[in-house]
Amino acid sequence: MIRSPIRYRTRVILGVVGVLVVALAYTWLSYRQHQINPTDQTIPTWQQLAAGVGKVLEVDEFSGDRWLVTDVKATFYRLFVGMASGVFLSVVLGLLMGCYSAMEALFHPTLSFLAKIPPTAMMAVFFVLVGINFEMYVCMIAFGVMPSLAQTVYLSARNDVPDELIHKSYTLGASQAEVIWNVIYKQTLPKVLDAARLQMGPAMVFLIAAEWMVGAEGFGYRIKIQQRLLDMRVVYVYLIVLGGAGFLLDTALIRLRRRLCPWYAE
Amino acid sequence: MKRILLALFAAVTLTGCDSAASNQPSFTLAWSEYPSWSVFGVADQKKLIDGAKGKLGPIEEKWQVDIVLRQADYDPCLSMFASNVIDAVCMTNMDALNPALGRRSVAILPTSTSVGADACVTVGIDSVAQLRGTPVYGLEKSVSEYCFVRNLELLGEKESDHKFTNMDPAAAATALQTNSAETKAIVVWNPFVMQTLKAKKDAKVLFDSSTIPEEIIDMVVIGRDALDKPGGDRFAHAVIDAFYQLNAMMAAPATGDDTLKAIGAKFSDLSLEEMREVVKQTRFYSTPDAAIRLFEGDKLKETMTNVVAFCVDHGIVDKAPTIDYGMGKSDLTFSGEYIRAVQAKQ
């Protein structure tokens, strides 16, 4: 029946079945490709993938570092700082817009305009503003996720907080700042966390694209170079790590929201 | 629903008929935008060949084979070739090593060589000694890095004193033009070299590939499996024939400018004059004799030995592919045989 619940065990089993189907489909694809060309490198077999795992974990003879360690550090540090700046900016802007009509009038048109522009397409602007190093990745992510995040905060601040609640707070003697911080911000928090979680995907796309173009380390860089050298063993291992990291981040943010806002109904 | 199914059925039968229009075996050649490779796109425009599946131009009629042209970016071209999706591809001698390890390959035609088309462009740096310690941006593990390292060698510099740092060539050119405080030196290829020099007046070429002519070679490579299929050798012949017929059009005074314009049309926003400069720096092997001289000469053997050593030293290949010059059974073969066959039939 539509929307009827299932048991936890069934849920776990179905999840595992989903993963197995994907793994089987890949095995078949790789088998078929190796029938066409036994020395194929483009759809590696599981054995080749295992060699790829070895390659990304061993100490590289040229740089003296482990690829995966270098790249995880670089990419996730950029992602973290970028997302944190983006969320901070969005919350400030969104609350201002949700609370004051003048702010809304000032920022809303610009944000709607910027929301449709991929930041990777204006890389030259970032080059001029913040250079070609760490700051560029951070800005690219922050400005990439900000327009839609700020709008989410703004809508939530305007619609999710009933007027009575605000009047009640005033009656109890709260200042404007206290109303914003203790009432409006708290009420929008679960929406912000959910929106940030959903923006993780676009943020990753912007970051990988930027690393693809200018990176000398990081996931985008490694995937681009190794793809060019046709070492798909490494590329697929990196893709699996990316998928896994996405899954973990997602789960972590859902947990965080439940912890911080237990009152929020999903 | 019924109508949709009918339409689908009609579409399927029609496409079926279309490919049956020519009974000749069809082979796919993938090319990316580069002067000596755009030749194939222009050959299609000028109706020497018909790049569509199932349709034959005069050259395809002559060799009784159907050439299917596929244009894509350079990197996807390499992946498509390696995964057996296409039969032949345009790539450089250095980039041919990795695909050859997975799919035995035959280089059938050199199209051009870089004589200045890859260059180290700098702002405010006038000597290679000043370059020490400055990050030089360019595409890692590509001909750019090769050109950089070879020039350092020739200048007696130590590679370890220099910092070659990865950046996409288009991004590197933009970075140098917009933020030369941080990006002082780049190694890129054309059209980025010429565009950068044009856009930034204080940029200069510190060194370029004119010191290493015939070491960076653009060429057409076919999978051995495709050559072994019926009609595979005719496909090789037709591709070579088309290349030289278009070169003849470029050389003829009546059609020369027009053809060059067509070649440059999608390459960049450079003018006809500037395109003349570009094809000087990307020197075409415009005659069969020039091509055979390269493929059967001793210099190529020396070059490839160096290139393979470079690729092994820089982690570009896991192991060295075997290479031979003739009709051997190695991973990668350079063969002038197909060019000779076309020459004989003229």
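The legends below describe close-up views of a predicted model. Residues are numbered from 1 along each chain as its sequence is written, chains are lettered from A and ligands numbered from 1 in the order in which they are written. Because the model is predicted, local features need pLDDT of at least 70 and side-chain atom pairs count only at pLDDT 80 or more, while totals for chains, interfaces and linings use all residues.

**View 1. Chain A as a whole.** Chain A has 10 helices and 0 strands; helices (H or I, at least four residues) and strands (E, at least two) are DSSP runs, numbered from the N terminus. The C-alpha trace of chain A spans about 75 × 55 × 30 Å along its principal axes. The radius of gyration of chain A is 23 Å, whereas a compact globule of 266 residues would have one near 18 Å; this radius is taken over C-alpha atoms, and the globule rule is 2.2 Å times the number of residues to the power 0.38. Of the 266 residues of chain A, 34% count as buried. A residue is buried if 20 or more other C-beta atoms lie within 10 Å of its own, exposed if 12 or fewer, and partly exposed in between, with C-beta atoms placed from the backbone.

**View 2. Packing of helices H2 and H10 in chain A.** Helix H2 (residues 46-57) and helix H10 (residues 232-260) of chain A pack at an angle of about 80°, and their axes are 8 Å apart. Axes are lines fitted to C-alpha atoms, for helices over the stretch in contact, and angles run from 0 to 180 degrees between N-to-C directions. H2(A) and H10(A) are therefore roughly perpendicular to each other; angles under 35 degrees count as roughly parallel, over 145 as roughly antiparallel, 65 to 115 as roughly perpendicular and the rest as oblique. Among the residues that meet are A:Leu49 and A:Val53 in H2(A) and A:Val234 and A:Tyr236 in H10(A). Two residues are in contact if their C-beta atoms, placed from the backbone, lie within 7 Å. The residues of this contact divide into 7 nonpolar, 2 polar and 2 charged. Ala, Val, Leu, Ile, Met, Phe, Trp, Tyr, Cys and Pro count as nonpolar, Asp, Glu, Lys and Arg as charged, and the others, Gly among them, as polar.

View 3. A:Leu230 lies in the loop between helix H9 (219-228) and H10 of chain A. Phi of A:Leu230 is near 60°, a positive value in a residue other than glycine. A:Leu230 is buried, with 24 other C-beta atoms within 10 Å.

**View 4. The open sheet of chain B.** The sheet has 5 strands in the order E7-E6-E8-E5-E9 (chain B), with mixed pairing; two strands pair if DSSP finds at least two bridges between them. The edge strands of chain B are E7 and strand E9 (203-208), each pairing on one side only. From one strand to the next the twist averages 30°. Strand E5 (residues 118-123) of chain B runs antiparallel to E9(B), joined by 5 bridges. B:Cys120 stands opposite B:Phe207 in E9(B).

**View 5. The side of chain B that touches chain A.** The contact takes 25 residues from chain B and 23 residues from chain A. Helix H4 (74-82), helix H5 (97-102), strand E7 (163-166) and helix H8 (169-178) of chain B each supply at least two residues of this side of chain B.
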